[in-house]
Amino acid sequence: MLEIRNLHVAVDGAPILKGIDLTVKPGEVHAIMGPNGSGKSTLAYILAGRDGYRVTEGEVRYGGRDLLALAAEERARAGVFLAFQYPVEIPGVANIYLLKVAINAARRHRGEPELDAMDILLRVRSKLKLMDMDESLLYRAVNESFSGGEKKRNEILQMAVLEPKLAILDEADSGLDIDALKAVARGINAQRDPGRAMILVTHYQRLLQLVVPDRVHVLAQGCIARSGGWELAAELERTGYGGITGREGGEEARP
Amino acid sequence: MATETLKLDELIARGYEHGFYTPVEVDTVPSGLNEAVIRLISAKKQEPEFMLEWRLKAFRHWLGMTEPAWSTVRYPAIDYQAISYYAAPKSRAGGPRSLEEVDPELLRTYEKLGVPLEEREILAGVAVDAVFDSISVATTFKDKLAELGIIFCSFSEAVREHPDLVRQYLGSVVPHTDNFFAALNSAVFSDGSFCYIPPGVRCPMELSTYFRINARNTGQFERTLIVADRGAYVSYLEGCTAPMRDEHQLHAAVVELVALEGAQIRYATVQNWYPGDKEGKGGIYNFVTKRGDCREANSHISWTQVETGSAITWKYPSVILQGDNAVGEFHSVALTNNYQQADTGTKMIHLGRNTRSTIVSKGIAAGHGKNVYRGLVRVGKSAAGARNYTRCDSLLLGDKCAAHTFPYIEVKNPSGRVEHEASTSRIGEDQLFYCQSRGLSAEDAVSMIVNGFCREVFKELPMEFAVEAQKLLGVSLEGSVG
């Protein structure tokens, strides 16, 4: 599904990722952990195709194709989904409308007929229930005056509706109360599927107690410092990142 | 950020869709302006004496006026003697009596613009008073409207057929002395639309006019007068496009609205005149005076405008709230791309008691566009209990454009309440990326974000116009923002 080979990425000339190797197979859930500034979000963005990041070395293959050659929207239509750490507000655009154009962009890409508003609504309703979200949220402007929890749930809702092949969840758990965390975890677990791969980017182990990953990787200073099974996350919780990376805490925080 | 700007620039760099020129024989008066030209225009239009006198009065006043320089728009000096002040498509004597008599070339032009008159008659239920260059070509639905006592015709026809009404109301909202461009228009106006809704009548259809500038070097001086008598209601749509041209063209229209007791007038504009090319060459100069008069109690006038065209837009649709409890509204979307300049806004003049006004302005600037909101809210001494709410939002696309807001507020009655809110934002790289990561192209993303930004205004437009406006915004932004 996803093969990352010796990936080096720089932002404004400064190297952030320094040789990442990672293979994710269909059906697998991988957790990427690490302190602030370790390059986790950069990895998420580079996979989703955000501008401003320069690949200086290495390659990323997605389903055998050169992922880095595709524009962000092409990746999305080909089944790559990024759940944002900070979901973006779009005033005046109804949440359901964004879902509709997103679904239809992917369907057009696959040569399938577009869905009308009613079809979309029927699809979205069942997922709303899963995420414990009120239908009124569909008619509010995208993420505008959503609470932190509503925004994160909304990201997972979009994932559930868009049914991607590769989902990258960038700190889907940050800033959530326990109920919202459970709803988000429920949404993610419901999307685990033999045909779908997921990458969970997170600081903490608490999400990983609810969504048990197949593999855990610790990112430090732009490299994968360690990889292991779920038990690695538990170890981190006891020792902190310093125990693994050989340093106390992280570097300066990057947004 | 650099890549974003590049992307925006590419998107904005789209050609003008309606850029074509129709070869039609044109009857044109030689360029230049003097009393003889005004007499000639008046004579060609077979106007009664009072109309000629009014034109001459305006012309003599105009001679003593200077072009206003207080706005932010910048343009090379206009040579008023180099402009031809009258052009009418040539036709068999007396003008067409029906669509069959209309020059087929003209009809094809309308079809290119998506205004097939014949179909419109049946499908849309819209009576179109189409203006090609300066004279009306065809008027539809007239009979149906006539049954209700509604007069909807070209201005020239109104001058001939309803001189008393014209005489009573012409210049009563925008006097011939009002401003430089209004005075010029009063002297040389070519044609336009006239509409009168009798007492208690609710106009059963949206009335609309399509304007178009076509003949080379011909300034357009439209004059529109709409009178809603006591308790009447009318909704009026004005939309325009113009073909691709090289020289700047001057357009100085005047629109006057009069609402008597309990009457309501809704006036909506979608303006898409040629904005000039990517380097800012060509494009229409649009200096318009639009004003409504809520002359009696409980009257209501609302302006809704979507301004995407013209090289220069200088336009302040206003409402004078004379009658007690009168309501004035202004909803505006103004978009400037490439080197377009817009200095637009409104004036709400509160004179009557408990008068209310609402202003919602959405300015969008892309490319090197300059977008200015300029608005006056005045609460006079007599306007006890007057209230105004103003909201001005600006959206910037790219880093070479500019948006400014100049609110003028004058309150002379202590019970007046005036609120003003303003915001400036830009389409962020994060918004674009968010949409793209959901599968939208940069262009579709920008279009969606901008339309979202304008939603408050679009919902004031009649349904089919709103759809048109959304498409227009998308087209106008192509190559501008992702």
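## About the model

This is a predicted model, in which local features need pLDDT of at least 70 and side-chain atom pairs count only at pLDDT 80 or more, while totals for chains, interfaces and linings use all residues. Residues are numbered from 1 along each chain as its sequence is written, chains are lettered from A and ligands numbered from 1 in the order in which they are written, and side-chain values use heavy atoms, with hydrogens and water left out.

## Where the chains meet

Let's start at the interface. Contact (heavy atoms within 4.5 Å) involves 31 residues from chain A and 20 residues from chain B. The two chains bury about 2000 Å² between them, 61% of it on carbon and sulfur atoms; buried area is the accessible area (1.4 Å probe) that two parts lose on being put together, summed over both. In chain B, the residues that lose the most area to chain A are Phe433(B), Tyr434(B) and Arg438(B), together 38% of what that side buries.

Arg438(B) also forms a salt bridge with Glu155(A), with 2.8 Å between the closest N and O atoms. Here a salt bridge is a side-chain nitrogen of Lys or Arg within 4 Å of a carboxyl oxygen of Asp or Glu, and two of them cross the interface. On the chain B side, the elements that give two or more residues are α1 (2-12), α10 (429-436) and α11 (442-453). Of these, α10(B) gives the most, with seven residues. Helices (H or I, at least four residues) and strands (E, at least two) are DSSP runs, numbered from the N terminus.

## Inside chain B

Chain B has 13 helices and 23 strands. Of its 482 residues, 63% count as buried, where buried means under 20% relative accessible area, exposed over 50% and partly exposed in between (1.4 Å probe, protein chains only). Among contacts in this chain between residues at least 6 apart in sequence, 84% join residues at least 24 apart.

Two salt bridges here are worth a look. Glu456(B) pairs with Lys362(B), the closest N and O atoms being 3.0 Å apart. Glu456(B) lies in helix α12 (residues 455-458) and Lys362(B) in strand β19 (residues 356-365), so the pair ties together parts that are 94 residues apart in sequence. Glu456(B) is partly exposed at 31% relative accessibility, whereas Lys362(B) is buried at 5%. Shared partners join Lys362(B), Arg391(B), Asp393(B), Glu421(B) and Glu456(B) into one network of salt bridges. In the other pair, Arg230(B) meets Glu296(B) with 3.2 Å between the closest N and O atoms.

## Two helices of chain A

Nine of the nine residues of helix α1 (residues 40-48) of chain A are buried, so this helix is largely enclosed by the rest of the structure. Just after α1(A), Gly49(A) takes a positive phi of about 95°.

Helix α3 (residues 95-109) of chain A holds Asn104(A), which is buried at 4% relative accessibility. Leaving aside residues up to four places away in sequence, Asn104(A) touches Glu114(A) and Leu115(A).

Cys454(B), for one, is in no disulfide, and the nearest cysteine sulfur, that of Cys392(B), is 13 Å away. Cys454(B) is buried at 0% relative accessibility, while Cys223(A) is partly exposed at 29%.

Methods: Disulfide = S-S within 2.5 Å.
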